[in-house]
Amino acid sequence: MSYVSESSSLNKTLRQQYLSLPQGNFCHVTYVWIDGSGEGLRNKTRTMDSEPKSVADLPEWNFDGSSTGQSKGHNSDMLLIPVCMFRDPFLLDPNKLVLCEVLKHTREPAESNHRNRCNKVMEKVKELHPWFGMEQEYTLFGVDGHPYGWPRLGFPKPQGPYYCSVGADRAFGRDIVECHYKACLYAGIKISGTNAEVMPSQWEFQVGPCEGIEMGDHLWMARFLLYRVCEDFGVVATLDPKPMTGDWNGAGCHINVSTVQMGEQGGIEHIEKAIKKLSKRHAEHIRVYDPHDGEDNKRRLTGRHETSSIHDFSSGVANRGASIRIPRQVGQEKCGYFEDRRPSANCDPYAVTCAMARTCMLEGEEDVHELE
């Protein structure tokens with residue numbers, strides 16, 4: 001049996017008694033931001049005198065960047081700039097969750113703030129209506145670092161019966177998955193589905209379709225909700241792209257991409273043109289498809305377990321072992337979208353969508369610049 005956290009055994013019925021107390025006109029607003037690791041999320045809450053109706057109603061705030069890997073102690077204040085607001089599924093209406101960009105005291109973007117640059121690129125390609133959908137795989141662990149539901153000694157049965165499975169001996173942690181799904185819908189996140197993955201205790205949720213910068217905003221907040229739901233249940237969700245060595249699938253964050261041109265009749269021509277551009281920039285994309293310049297993906301993109309090799313670029317219709325997959329239906333209808341299967345589970349969606357837009361959608365001199 002996997003170990004769950006001590007806090008998960010606290011009396012939740014007693015907690016509900018306090019959460020149901022009226023709060024007058026006051027509003028809890030929880031500010032959420034990406035920390036210096038480029039992977040972790042932090043949050044803190046403030047009281048506002050009334051319910052904010054939009055991001056414009058939210059004040060800037062600050063935090064101690066020396067405690068999040070984002071500044072030095074002698075000059076530690078970092079700025080929180082609200083960019084996207086959601087309903088709070090934990091404290092309920094009228095309370096809010098707010099995703100923030102992090103700026104230095106000079107008002108320049110923090111090193112881990114990829115949103116700032118991504119937003120500028122999305123503005124340049126907005127006439128194409130860039131459309132994204134991302135498939136977030138993750139793995140559940142006990143707080144002891146052991147995969148949730150796996151035997152204490154040894155291993156579960158080999159992969160095969162777990163993908164999209166049902167049954168107590170096959171699906172581990174469905175309560176978490178369904179609570180997270182409901183929380184995302186309540187919050188207003190564009191979550192579009194979920195399923196059990198190939199490795200036991202591994203799951204996936206999909207976010208999208210989203211246009212432009214919205215993709216990164218909604219996926220980051222969906223990740224925050226996943227971590228919060230897991231906290232209530234006392235387990236840990238990891239986005240490690242290869243959480244278990246051996247004959248087990250890794251975890252990716254496949255990105256589906258389209259534009260208004262790709263979706264129209266004959267759009268396959270634009271899809272093939274985009275794939276050709278991607279083929280010429282494989283190494284550059286690998287560097288931005290995980291937070292450690294491709295080092296995380298080296299453990300996952302081996303050419304096995306439904307992945308392509310990190311060293312080679314490939315594409316094909318309905319080929320899950322290729323870098324880029326053209327769905328069967330798209331191949332038949334000659335329009336639609338394509339899927340890049342290379343991004344790792346712990347990628348920054350702002351960095352990935354920015355690289356995709358620059359390579360596939362920007363024309364002229366600018367699109368030969370480095371992606372980093």
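Me: Is Lys 96 buried or exposed in this structure, and at what relative accessibility?
Reply: Keep in mind that this is a predicted model. Anything under 20% relative accessible area counts as buried. Lys 96 falls under that cut-off, so it goes down as buried, at 8%.

Me: Which residue forms a salt bridge with Lys 96, and how far apart are the closest N and O atoms?
Reply: Side chains of opposite charge can pair when their charged atoms come close. Here the cut-off is 4 Å between a side-chain nitrogen of Lys or Arg and a carboxyl oxygen of Asp or Glu. The partner of Lys 96 is Glu 51, and their closest N and O atoms are 3.0 Å apart.

Me: How many residues apart in sequence are the parts that Glu 51 and Lys 96 tie together?
Reply: Start with where each one sits: Glu 51 is in the loop between strand 2 and strand 3 (61-64). Lys 96, on the other hand, belongs to strand 5. So the pair links parts of the chain whose separation in sequence is 45 residues.

Me: Which residues are linked with Glu 51 in a network of salt bridges?
Reply: Besides its bridge to Lys 96, Glu 51 forms one with Lys 53, where the closest N and O atoms are 3.7 Å apart. Glu 51 itself is partly exposed at 30% relative accessible area, while Lys 53 is exposed at 64%. The residues networked with Glu 51 are therefore Lys 53 and Lys 96.

Me: What is the N to O distance in the salt bridge of Arg 341 and Glu 339, and are these two buried or exposed?
Reply: The structure holds 20 salt bridges, and the side chains of Arg 341 and Glu 339 make one of them at 3.3 Å, N to O. As for accessibility, Arg 341 and Glu 339 are both buried.

Me: How many salt bridges are there between domain 1 and domain 2?
Reply: The chain splits into domain 1 (6-112) and domain 2 (122-361). Their contact takes 21 residues from domain 1 and 23 residues from domain 2. There are 4 residue pairs in polar contact across the interface, but the salt bridge count between the domains is 0.

Me: How do the residues on the side of domain 1 that touches domain 2 divide into nonpolar, polar and charged?
Reply: Several elements each supply at least two residues to that side, including helix 1 (12-19), strand 4 (77-87) and strand 5 (96-103). Sorted by type, the residues on this side of domain 1 come out as 11 nonpolar, 4 polar and 6 charged.

Me: Which residues does Cys 84 touch, not counting those up to four places away in sequence?
Reply: Cys 84 lies in strand 4. With a relative accessible area of 15%, Cys 84 is buried. Leaving out residues up to four places away in sequence, Cys 84 touches Val 55, Leu 97, Val 98, Leu 99 and Asp 217.

Methods. Residues numbered from 1 in each chain as written. Predicted model: local features only at pLDDT ≥ 70, side-chain atom pairs only at ≥ 80, totals over all residues. Heavy atoms only, no water. Domains from an automatic or database assignment. Contact = heavy atoms within 4.5 Å. Polar contact = N/O pair within 3.5 Å; in protein donor to acceptor, adjacent residues only side chain to side chain. Helix = DSSP H or I, 4+ residues; strand = E, 2+ residues; numbered from the N terminus. Nonpolar A, V, L, I, M, F, W, Y, C, P; charged D, E, K, R; others polar. Buried < 20%, exposed > 50% of the residue type's maximum accessible area, 1.4 Å probe, protein only.
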